[in-house]
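Trainee: I'm new to this structure. Could you walk me through how to read it?

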Amino acid sequence: MNTNSENDIKSNKQYNPQMHSAEHILNQTMVRMFNCGRSFSNHIEKKKSKCDYNFDRNLTEEEIQLINNKVNEVIQQDLIVQEEFYTKNEAQEKFNLSRLPDDAGDKVRVIKIGDYDACPCSGLHVTHTKEIGSFKIISTDFKDEVLRIRFKLINE
Ligand SMILES: [Zn+2]
C-alpha cells in the first residue's frame, strides 16, 4: 500500500523527511503541553514549515521557548523512528484516523518515534531523531481560533 503516495512525496522536491519528522514531534509536544489536537493543516517545506492548530489564543514567548526546548530534547535523545502496521479496527481504537484517506486500505501504517509519539502516517521520515537537526520556532500567530506555528531546522 501507499506506493502511490510515496511516489508523490518523492516527486515533490520541497518535501523533506527531516521537516516532516519534526512535525510529528511538534504535534505530540503540543498535545502534551496544551491538550490540543495535532495540527489539522500544515505546509512542510525544506526551508521552513508551518502547522495550524485549533487553539484559543496565541503562545507566549515563554511557551515558545518551552516548545523549542522540548522538541530539541526529544531530537537529542536520538529516538528510533519505526513503522508498525495495524488493522483498521485496531488502529481506530488507538488513533484518530480522521486525516487518513478513505482508500488507505485495511492496513494502517503507524509511525512511532521511540515512546514519545505514535501516529498513522504514510509519509517519509528519518530513521533516528538526531538526523532532524535543531528545531526552532520562527513565529506564531493567532487568528479565527487558529494558532499557526512557523518553524525551521538548523543543521550543524
Ligand atoms: Zn509522518
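**Reading the zinc site**

Mentor: Let's start with H24, which is buried because its relative accessibility is 3%; buried means under 20% relative accessible area, exposed over 50%, and partly exposed in between (1.4 Å probe, protein chains only). This is a predicted model, where local features need pLDDT of at least 70, side-chain atom pairs count only at pLDDT 80 or more, and totals for chains, interfaces and linings use all residues. Residues are numbered from 1 along each chain as its sequence is written, and side-chain values use heavy atoms, with hydrogens and water left out.

Trainee: Which residues coordinate the zinc ion?

Mentor: Donors are N, O and S atoms within 2.8 Å of the metal (3.2 Å for Na, K and Ca); water is not among the atoms, so sites may look incomplete. Here H20 (NE2), H24 (NE2), C121 (SG) and H125 (NE2) coordinate the zinc ion at 1.9 to 2.2 Å. Along the chain, these donors follow the spacing H-x3-H-x96-C-x3-H. H24 belongs to helix α2 (residues 17-34) and H125 to the loop between β5 (117-120) and β6 (134-143), so this pair ties together parts 101 residues apart in sequence. Helices (H or I, at least four residues) and strands (E, at least two) are DSSP runs, numbered from the N terminus.

Trainee: Are C121 and H125 buried or exposed?

Mentor: C121 is buried, at 15% relative accessible area, and H125 is buried too, at 17% relative accessibility.

Trainee: How many disulfides are there?

Mentor: A disulfide is a covalent bond between the sulfur atoms of two cysteines. With the cut-off of cysteine sulfur atoms within 2.5 Å, the whole structure has 0 disulfides.
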